[in-house]
Amino acid sequence: VLGIESSCDETAAAVLEGDAKRMTLLANVVHGQLDIHAAFGGVVPELASRAHIRNIGPVVAAALRQAGVAAHDLDGIAVTAGPGLVGALLVGVAMARGMALALGCPLLGIHHMEGHLLSPFLERVDDFDFPFIALLVSGGHTLLLRATAFGDYQLLGQTRDDSVGEAFDKGARMLGLGYPGGPAIAALAEGGDIRAVPFPRVLLDRTRYDFSYSGLKSALRTLLEREPLAGLSSRRRQDIAAAFQEALITPLVVKAVAACRDTGIDRLVVAGGVGANARLRARLTQAADAANIRVRFPALGLCTDNGAMIACAGLWRLAKGEPGVSTLNARPRWSLATLSA
Ligand code: KG4
Ligand code: ZN
């Protein structure tokens, strides 16, 4: 199965071989656009669409070449249909539609977050099973879900304002760091003191699963008004980054573990770009161990956007007997919970 992803600022394609029980990733090509967007401190939608148009052909060709698979040998083409930037999504969808039509093979429109959700299962499908609790943390989403079966997801909680990835990115910008902000804050936070700044812990009520990150952003802005960046020692900047990162992560850890406890489900899956965060991985592993929860993260390289996770969702759908669709449109807004409806 060929998986194509173009919902934001990565043009990606991957070839995955196997069935719902065992998968081998034959090729995984990701072409990022950091050079294009970095100067703007965030993704510029129109520039992203144009870069996808330039890159999609070569990226798909490279994936097939690396996999040693001829296009005619594909059993299916899976593509991110949404949610995401509509102009960006359209490029991948048009490519996939064209290929499926020309090759006469099944076309599958995949929900981007379902791709993330399944990414921990790539190549390791055997020792983990439904149901599980999923914490999906990316640039666009902060979701806590109960995954009952493949394709059957119930929303437990989500952010009321900014996503956690966005909070990392905006915080990084305020701290004079580059884009994307997550890795930059994580690097600066290393060696910093998490207790140096008493950032608020937002919505820490353990019986509720919603998140909120806009207040933390304001708290950081207020702090930097009191202590302007230019006058800060490098030690103080490290401390602020560490305390800020901790404030972003703590609600994720507390609520993911609470959701497992409340539902009696002892398996937890964490995915999405922020799932690459070392501090989040360490704290969740520790909290899960203490509560006898098995936690599964994707391989580091598969946390951020890629075509492999889209191919994985496509492969599962084909294995379940889904025939594919005859036509497909981009869906910039699309709730994951409606997949089971
Ligand atoms: O899943 P993803 O690649 O794209 C979306 O679907 O949004 O996630 C991108 C987000 C960005 O906000 C980025 O800052 C964040 O993931 N991110 C991280 C780390 N690596 C990427 N956040 C915290 N720590 C990281 N190491
Ligand atoms: Zn993503």
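Which hand does the crossing of H2 and H3 have, left or right? In this predicted model, the crossing of H2 and H3 is right-handed. Helix H2 spans residues 45-67 and helix H3 spans residues 86-103. Their axes come within 9 Å and cross at roughly 40°. H2 is therefore oblique to H3. On the H2 side, the contact is formed by Ser49, His52, Ile53, Ile56, Gly57, Val60 and Leu64. On the H3 side, the partners are Gly87, Ala88, Val91, Gly92, Met95 and Met99. By class, the residues of this contact of H2 with H3 comprise eight nonpolar, five polar and no charged.

An open sheet of five strands runs in the order S3-S2-S1-S4-S5, and its pairing is mixed. S3 (23-32) and S5 (107-111) are the edge strands. Each has a single partner strand, so one side of each is left without a neighbour in the sheet. Neighbouring strands of this sheet are turned by 20° against each other on average, direction ignored. Strands S1 (residues 2-5) and S2 (residues 10-18) are antiparallel and share four bridges. In this pair, glutamate 5 faces alanine 12 of S2. H2 packs on this sheet and touches S1, S2 and S3. The direction of H2 makes about 25° with that of S2. Helix H10 (residues 308-319) also packs on the sheet, with contacts to S1, S2, S3, S4 (77-82) and S5. The direction of H10 makes about 40° with that of S2.

The metal site comes next. Three residues coordinate the zinc ion (ligand 2): His112 through NE2, His116 through NE2 and Asp305 through OD. The distances are 2.0 to 2.1 Å. Along the sequence, the donor residues follow the spacing H-x3-H-x188-D. Histidine 112 belongs to helix H4 (residues 112-118). Aspartate 305 sits in the loop between strand S10 (294-296) and H10. The pair therefore ties together parts that are 193 residues apart in sequence.

A second open sheet also has five strands, in the order S8-S7-S6-S9-S10. Its pairing is mixed. Strands S8 (152-158) and S10 stand at the edges. Each of these has a single partner strand, so one side of each is left without a neighbour in the sheet. From one strand to the next, the twist averages 25°. S6 (residues 132-137) and S9 (residues 267-271) run parallel and are joined by four bridges. Here leucine 136 stands opposite alanine 271 in S9. Helix H8 (residues 234-263) lies across S6, S7 (142-149), S8 and S9. H8 runs at about 160° to S6. Helix H9 (residues 278-290) packs on the sheet as well, touching S6, S9 and S10. The direction of H9 makes about 175° with that of S9.

One further helix pair was examined. Helices H5 (residues 164-174) and H7 (residues 214-226) pack at an angle of about 5°. Their axes are 10 Å apart. H5 is therefore roughly parallel to H7. Lys170, Gly171 and Met174 of H5 make the contact with Lys217, Leu220, Arg221 and Leu224 of H7. This contact of H5 with H7 has three nonpolar, one polar and three charged residues. The contact of H2 with H3, by comparison, has no charged residues.

Definitions and conventions:
Residues are numbered from 1 along each chain as its sequence is written. Chains are lettered from A and ligands numbered from 1 in the order in which they are written. This is a predicted model: local features need pLDDT of at least 70, side-chain atom pairs count only at pLDDT 80 or more; totals for chains, interfaces and linings use all residues. Side-chain values use heavy atoms; hydrogens and water are left out. Axes are lines fitted to C-alpha atoms, for helices over the stretch in contact, and angles run from 0 to 180 degrees between N-to-C directions. Helices (H or I, at least four residues) and strands (E, at least two) are DSSP runs, numbered from the N terminus. Angles under 35 degrees count as roughly parallel, over 145 as roughly antiparallel, 65 to 115 as roughly perpendicular and the rest as oblique. A crossing is left-handed if the near helix is turned anticlockwise from the far one by less than a right angle, and right-handed if clockwise. Contact means heavy atoms within 4.5 Å. Ala, Val, Leu, Ile, Met, Phe, Trp, Tyr, Cys and Pro count as nonpolar, Asp, Glu, Lys and Arg as charged, and the others, Gly among them, as polar. Two strands pair if DSSP finds at least two bridges between them. Donors are N, O and S atoms within 2.8 Å of the metal (3.2 Å for Na, K and Ca); water is not among the atoms, so sites may look incomplete.
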